[in-house]
Amino acid sequence: MIKVTSKNGNPVPDKPNMLHKAWNLTKSIVEYAKSGFENTAKDKYEERLIICDTCELLNKKKGTCKVCGCVMSVKAKWNIEKCPEGKW
């Protein structure tokens with residue numbers, strides 16, 4: 001199995017642990033609510049998903065990011081969200 005590294009050179013585990021994912025989800029929901037539940041424009045959403053689909057850090061089977069553990073079809077839709085690797 002090939003070990004993947006994040007942009008800062010740290011090895012990326014096969015998946016974030018449950019506490020890490022719960023923390024990321026909690027922060028995201030709070031920020032999303034503070035934004036007034038603002039979603040991205042359709043073209044921007046589709047562009048984000050294309051970037052994710054070509055990323056080596058996407059668990060393609062589950063549609064989740066190996067760095068943050070988020071479901072990318074949801075994260076890409078929320079306007080306040082950013083790729084943890086700075087790709088969008």
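C68 touches P16, H20, K21, N24, K75 and P84, not counting residues up to four places away in sequence; touching, or contact, means heavy atoms within 4.5 Å. This is a predicted model, in which local features need pLDDT of at least 70 and side-chain atom pairs count only at pLDDT 80 or more, while totals for chains, interfaces and linings use all residues. Residues are numbered from 1 along each chain as its sequence is written, and side-chain values use heavy atoms, with hydrogens and water left out.

C68 lies in the loop between β4 (64–65) and α3 (72–75). Helices (H or I, at least four residues) and strands (E, at least two) are DSSP runs, numbered from the N terminus. C68 and P16 are 52 residues apart along the chain, yet 6.4 Å separates their C-alpha atoms. C68 counts as buried because its relative accessible area is 5%, and buried means under 20% (1.4 Å probe, protein chains only).

C68 also belongs to the largest nonpolar core, whose ten residues include C65, C70 and M72. Such a core is a set of buried Ala, Val, Leu, Ile, Met, Phe, Trp, Tyr and Cys residues joined through side-chain atoms within 4.5 Å. Beyond its neighbours within four places in sequence, C65 is in contact with P16, L57, L58, C70, M72 and P84.

Helix α1 spans residues 18–34 and holds S28. S28 is buried because its relative accessibility is 10%. Its contacts, again leaving aside neighbours within four places in sequence, are W78, I80 and E81.

F37 sits in the loop between α1 and α2 (42–53). The phi of F37 is positive, near 60°, and F37 is not a glycine. Most residues other than glycine have a negative phi.

Terms used. Buried < 20%, exposed > 50% of the residue type's maximum accessible area, 1.4 Å probe, protein only.
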